[in-house]
Amino acid sequence: MLQNEICSPLSVLDDKGQPHNFGWSKQAHFFYDSDLLYVPRHRITESDRYIVHSPTHMIVFEIRDDGWLGHMGISAISLRDRKRTTQTYQSVFPLGSYQMPGSSIQGSVYWRRKKTHLSFINMENGTKIIKADIPDFGNHRSFRGALILTPQDEPQSLVTNQPWRDGKKSFRYTRCSPWYYAEGMIQSGSSEVIFNRGNAWGIFDWYRCVRPKADIRYWAAASGHSGGRLLSFCIGYSWADFSQGTENGFFIDGTLHKLDQVTFHIPLSNWLSPWRFTSNDNRLEMEFQPHQHRVDRRRLFFHNSARRQICGFFSGKVQLDDGSSIEFLHLTGFAERSKTNL
């Protein structure tokens, strides 16, 4: 499938608020401003999510505004003893009040409620800082600390701008950067979880969109060392039109190797059985060994969403852009299936 690579700055919206300039890019070339949209605010979704992991722990941080519903959520997962604690705070009718920036490079996000807060801070050099202070995080424990996510040297991201076939005003503008070095400390109750640079990684999942009436999205990402190099990936698909740019790519030391279409082969009778992933260009063969999962459901009036997240380990083989292949074992990451109806 011929895809449209964007190599210079372009707006995702025209002067009438209609989405255009569809395709993919290795950098955040697209420009987005929600004030230019001519749609009801409850149809706009703005989300920042970080997945930080080490050989022993994974923590997922998310701030999301879905118009009717908003939430801040943190999941702390132990990869050793299969324990997990999740804390979610919901807001009714946020409708843009989170003030999520239109850029994934500039601007920061702050979520506060009384003594509880979560911050995603963008620094000028590309470094990202996550700060959390949750006085009551499951079983009456506290959860607080700070993590620093440092980018690779001259890294590339996978950035896409995609339309929907049956929704003229619907689109999804995304950026995935799964190659951050992570370091810092999180204190949960009397326990400390320490992330050391070179042995801990961060995945940045960012998107802004106008939702269609219904959508189902599959997405997966992981990162880790393989043969002395940092190997990471993000793959996915939905009901959007991917003809001009898919969300699929592998990164070697921060350099993107673009893939075409990837299929998730999910054992629906048992989601914790091994999964398979293949690509239509025969460049990817991968297996996913699930570790544990959680289901997140949210409903208000006509808004209904459900997301099944499964963390685990990926192994397989991928062919790079130069024709060479690289094999990898036990990359830590997660896969998910999300469904939304309006």
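Start with the largest pocket: β5, β6 (69-78), β7 (84-92), β13 and β14 (191-195) each put at least two residues into its lining. Keep in mind as you look around that this is a predicted model.

**The largest pocket**

- Its volume comes to about 300 Å³.
- Count the residues lining the largest pocket and you get 16, with His-57, Ala-76, Ser-78, Arg-141 and Val-193 lying nearest the centre.
- Which strand supplies the largest share of this lining? That's β6, with 3 residues.
- Sorted by class, the lining of the largest pocket holds 7 nonpolar, 5 polar and 4 charged residues.

**The second largest pocket**

- This one has a volume of about 250 Å³.
- The second largest pocket is lined by 17 residues, and the closest to its centre are Ile-105, Gly-126, Arg-175, Trp-179 and Tyr-180.
- Strand β13 gives the most to this lining, with 3 residues.
- By class, the lining of the second largest pocket splits into 7 nonpolar, 7 polar and 3 charged residues.

**Cavities inside**

- How do you spot empty space in a structure? Rolling a probe the size of a water molecule over the atoms shows where it is left.
- A search of the whole structure turns up 5 cavities of 30 Å³ or more.
- The largest cavity holds about 310 Å³ of space.
- Its lining has 26 residues, and Arg-64, Arg-172, Tyr-207, Ser-338 and Thr-340 are the ones nearest the centre of the largest cavity.
- Two or more lining residues come from each of β4 (44-53), β5 (57-65), β15 (201-210), β16 (214-226), β22 (284-300), β23 (303-319) and β24 (325-341).
- Among the contributors to the largest cavity, β24 gives the most, with 4 residues.
- What kinds of residue line the largest cavity? They divide into 6 nonpolar, 6 polar and 14 charged.

**The nonpolar cores**

- The largest nonpolar core has 62 residues, and the members touching the most others are Phe-61, Ile-63, Ile-74, Leu-118, Ile-130, Phe-143 and Phe-171.
- Strand β13 (residues 167-188) provides the largest share of this core, 7 residues.
- Another core lies apart from the largest one; this other core has 27 residues, including Leu-231, Val-262, Met-286 and Phe-328.
- For a closer look, pick Leu-118: beyond its neighbours within four places in sequence, Leu-118 is in contact with Phe-61, Glu-62, Ile-63, Met-72, Ile-74, Val-109, Tyr-110, Trp-111, Ile-130, Lys-131 and Ala-132.

- You'll find Thr-116 in strand β9 (residues 116-122).
- Is Thr-116 buried or exposed? Thr-116 is buried, because its relative accessible area is 9%, and the cut-off for buried is under 20%.
- Setting aside neighbours within four places in sequence, Thr-116 is in contact with Met-72, Tyr-89, Trp-111, Asp-133, Ile-134 and Pro-135.
- Lys-114 sits in the loop between β8 (109-113) and β9.
- With a relative accessible area of 87%, Lys-114 counts as exposed.

- Lys-114 isn't a glycine, yet its phi is positive, at about 55°.
- Asp-253, also a residue other than glycine, has a positive phi near 50°.
- Asp-253 belongs to the loop between β18 (249-252) and β19 (255-258).
- At 33% relative accessibility, Asp-253 counts as partly exposed.

**Ser-273 in its loop**

- Look for Ser-273 in the loop between β20 (262-265) and β21 (275-279).
- Why does Ser-273 count as partly exposed? Its relative accessibility is 21%, and partly exposed begins where buried, under 20%, leaves off.
- The side chains of Ser-273 and Asn-270 are joined by a polar contact of 2.9 Å.
- Leaving out neighbours within four places in sequence, Ser-273 is in contact with Pro-267, Phe-288 and Pro-290.
- Ser-273 and Arg-229 are 44 residues apart along the chain, and their C-alpha atoms are separated by 29 Å.

Key:
Residues are numbered from 1 along each chain as its sequence is written. This is a predicted model: local features need pLDDT of at least 70, side-chain atom pairs count only at pLDDT 80 or more; totals for chains, interfaces and linings use all residues. Side-chain values use heavy atoms; hydrogens and water are left out. A nonpolar core is a set of buried Ala, Val, Leu, Ile, Met, Phe, Trp, Tyr and Cys residues joined through side-chain atoms within 4.5 Å. Buried means under 20% relative accessible area, exposed over 50%, partly exposed in between (1.4 Å probe, protein chains only). Contact means heavy atoms within 4.5 Å. A polar contact is a pair of N or O atoms within 3.5 Å; within protein, one must be able to donate a hydrogen and the other to accept it, and residues adjacent in sequence count only if both atoms are side-chain atoms. On a 1 Å grid over the protein atoms alone, a cavity is a set of points where a 1.4 Å probe fits but cannot get out, and a pocket is an open set with protein on both sides within 12 Å along at least five of seven lines; lining residues have an atom within 4 Å of a point. Grid points are joined across faces, edges and corners, and a volume is the space filled by probe spheres set on the points. Ala, Val, Leu, Ile, Met, Phe, Trp, Tyr, Cys and Pro count as nonpolar, Asp, Glu, Lys and Arg as charged, and the others, Gly among them, as polar.
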